[in-house]
Amino acid sequence: MSNRTLAILKPDCVKKNLIGKVITQIQDAGFTVLGMKMVKLTEDSAKGFYEVHEARPFFKDLIVYMTSGPCVPIALEKENAVEDFRKLIGATDPAKAAEGTIRKLYAASIQENIVHGSDSDENASKEISHFFSSKELLEINGWK
Ligand code: CMP
């Protein structure tokens, strides 16, 4: 089991001025920030990141949305990171998300859903590499 996952605070999170609140909730849940940056995704980068969804009907709109403004990719570490982070953010569709989850609290729709979380250890590793080189990530054992 890996202990890392990739979060993206999406353009709606940044536009609604919720970066601080969402990061607080993530840290209060026991995740350590290993790397974080604010970036405006290019079309190519967004298409590459969401390649698995290429054939889905929402793909085009997803790329428009994800390139509509800056977002904040964050590499996170915690035991059981992928599963625990998905529990913290709630279902993709905020209408189906559990009470208290980040999407239930802040998301407007299935598309504008505030935050992304990796769905498997394999994808977490790929997704972290999409945004961070290994040198950019905190070496947690070196300082804790
Ligand atoms: P995310 O967890 O980042 O993974 C794919 C994204 O596509 C999803 O969050 C939403 O932002 C977006 N999306 C839009 N429509 C749908 C849909 N019907 N099902 C799943 N994801 C969708």
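Start your tour by selecting the lining of the largest pocket: its residues divide into seven nonpolar, nine polar and eight charged. Here Ala, Val, Leu, Ile, Met, Phe, Trp, Tyr, Cys and Pro count as nonpolar, Asp, Glu, Lys and Arg as charged, and the others, Gly among them, as polar. A pocket is an open set of points on a 1 Å grid over the protein atoms alone, where a 1.4 Å probe fits and protein lies on both sides within 12 Å along at least five of seven lines; lining residues have an atom within 4 Å of a point.

You are viewing a predicted model, in which local features need pLDDT of at least 70 and side-chain atom pairs count only at pLDDT 80 or more, while totals for chains, interfaces and linings use all residues. Residues are numbered from 1 along each chain, and side-chain values use heavy atoms, without hydrogens and water.

Next, pick Tyr50, Val52, His53, Leu62 and His116, which lie nearest the pocket's centre among its 24 lining residues.

Which residues are around the ligand? Among them are Lys10, Phe58, Thr92, Ile110 and Asn113 (each has a heavy atom within 4 Å of the ligand).

Finally, zoom in on polar contacts, pairs of N or O atoms within 3.5 Å. An oxygen atom of the ligand is 2.6 Å from a side-chain N or O atom of tyrosine 50, and one is 3.3 Å from a side-chain N or O atom of arginine 103. At glutamine 111, look to the backbone instead: an N or O atom there lies 2.8 Å from a ligand oxygen.

Technical notes
A polar contact is a pair of N or O atoms within 3.5 Å; within protein, one must be able to donate a hydrogen and the other to accept it, and residues adjacent in sequence count only if both atoms are side-chain atoms.
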